[in-house]
Structures are given as structure tokens and as C-alpha cells.
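Open the model in your viewer and keep the selection tool ready. The stops below can be taken in order.

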Amino acid sequence: MSKFIKTCRVSAGLTQEQLAEKMGVSVVSVQNWESGKTKIETRRCTELAAVFNVPVEKLIKEMIIEEDKKRPDQWPEFLFDDDTNDIIDTLHLNLAQQDLFGLLYIYDAEYLKKTKNDFNTLNDDLKKIPYGFIEKVGSIQFMNQVEGLHKVIKHVKTGFLMKVLKQNPESEFNVKKLPKELICEFIDEGVKQADVMADWGDDSKEYEAGDGLQMKISMKKAKIILPVLEMGKIHLTDGHWANPPREDVPEEVLLMCGFKPELWREGYYRSTNNCAYIRSGLETVTDYRQVSEPGIDDKWLLEINDKGLQLLEWFREKK
């Protein structure tokens, strides 16, 4: 925004003193706007746009972009390996790529309908884009936009991406800078899983499933169960590790796993769901360990680990 104000001022043939006089502010205020030391108030955008003879929408858009760049990085890197975090680093779009995504969505692109990361069939869908759009941006720049967009939509489900863009149409999509509730939704529901069996053996297609994202955690489950484990270990079962859970498993855990406590106590579910079902999605943030005592069945305890404590802190931090 600071550079934009200076560019507009110079284009309008105004000195800093002249702009200050027209805006009814001090020269220092104008200098601070242009240096980025202070930002111009939103209420002054209409007045400034009139002085520069530019659309007020353009000024507001520049302000949004500037604020967008200041959004904090909220991604929980500690949960994932380096390969996963390297892919996450690529999941961002600029506004031009978002416009291209919108066009593909409007023209019912087949590639956007994929729910798994399999093959790159985007090229066929690009033929649906009107030539006028390509001519406007330039063919080379268009290909660059396509390449950047493909890096995102081969990993991010269309429905999730569209939801985020509709909520913030002027903001650049960046998974790492999403609000925490949307990061959790992305991890649980917004990732395209690798379709390793898709068109197996077809050498005519470029297979890209090998670098698919595998999140291996349920954020929804962790958010409910980790605070329970913070209070103390849960005695899940006795004997074999995969036996049905005990009757005294906390109700919060049962509810999170989709069990109704009253039916659980009557014996439902337990014959078909073992402890592995309860722990599914929590393997990286919990420990499941055996405690042996002479003369009695082994105890199997579920407890929070260091990574789980980090995740609890991440949930609770306000940014």
C-alpha cells in the first residue's frame, strides 16, 4: 500500500507537500504513509482515490493485500515430517491464480471434481478457458499461473478451496496462514488422498500420487480427547491390546468416537469396535502402553505424549 500511494502520487504529478495539503494532513503523515510507518485510515480511501483519480475499490484492495501479507503463519509444523511440510509450503495462490481457479470452476473442469490425487488431467480442462482470458494475461504468464494453481489443486479438495475463497475473496489463499479452525478442517477433510491404484500401469500418463499428503491425525478427535488425557491416563482395556475397551472409558471419548454412552453400557459397539478404533487418528500425539502386574491381566493405558502437549498448546494459543 505504501508503494502504491507513492506511485499514484508521482503519477498524479503531486509533491508530498501538495498531497498533504489536499488531504488536510501534515507532510509527516504523507511521508509515514509512503514509508509504511503508518497506514492510512480506511475512511480516507474515498478522499485519496478522488485525489489520485483511481477507483476506490483499487485502493481498498491494496489495503487488503497489505494486511493479508501480515497474517501470521499458524501451521502446526511439529505434527508432520519434513516431506509433508515441504508440500504445505507450496499450497498458496496469488489473486490471478484464484481467478483462473474460478474460471475452471465455472466451466465445470473435470480436474476439479477429483477427490483424490492421481493424474494430472488439467491440460484437457484448460481448453475450456476462453482465448480472450489467455490473450489478456499473455500465454507465458498464463502457463505460469496454471503451474502454480496445479500445485495446489492436486492436493486441496475443490470444495474446501472454494469455501475459503468465498469467505475471503480478496485474500491470497495460503494454507499456512489460514485461521486455526480452517487449518483443522483442511487436515481432517480438505486434503486429497493419494489414489495409488488409479489407472495403474498406464505409462501414457504422468503419475503424481507418490507425493500425496498423508496427514495421519484427526484434529477433531484430538481437540476433544487430548484435554481428557491431560487430566490423566485412560485405562482402555485389559489383556490383549486390541480387546474391546473397558466399560469405564470416559464418556467424552465415547461421544467423540460416535458411541452413545447409554448403548455402550448395554453392550452395543464393544463387540465390533476395539481399542485401535478409539486411538485411530491419535497415534502420533498419544502413547499406548502396556503395564504388567504379577497375577493379573495386562493393563493398556492411553496417555498424551510430548507432541500431544504441543498440539494442546497450539489449540489454546490465540493468534
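Select Ile234 and then Leu302 in β5, which stands opposite Ile234. Ile234 belongs to a strand, β3 (residues 234-238), that runs antiparallel to β5 and is joined to β5 by 4 bridges; strands pair if DSSP finds at least two bridges between them. Helices (H or I, at least four residues) and strands (E, at least two) are DSSP runs, numbered from the N terminus.

This is a predicted model, where local features need pLDDT of at least 70, side-chain atom pairs count only at pLDDT 80 or more, and totals for chains, interfaces and linings use all residues. Residues are numbered from 1 along each chain as its sequence is written, and side-chain values use heavy atoms, with hydrogens and water left out.

Next, select β4 (residues 286-291), which pairs with β5 in the antiparallel sense over 6 bridges. Gln290 has Trp300 in β5 as its bridge partner. Now show β5 (residues 299-304) itself: 5 of its 6 residues are buried, so the strand is largely enclosed by the rest of the structure. Buried means under 20% relative accessible area, exposed over 50%, and partly exposed in between (1.4 Å probe, protein chains only).

Move on to two loops. Asp108 lies between α7 (95-106) and β1 (116-117); its phi is positive, near 60 degrees, though the residue is not glycine. Asp108 is partly exposed, at 44% relative accessibility. Lys216 sits in the loop between β2 (193-194) and α13 (219-231). Lys216, also not a glycine, has a positive phi of about 60 degrees, and with a relative accessible area of 62% this residue is exposed.

Finally, select Asp86 in helix α6 (residues 82-88). At 48% relative accessibility, Asp86 counts as partly exposed.
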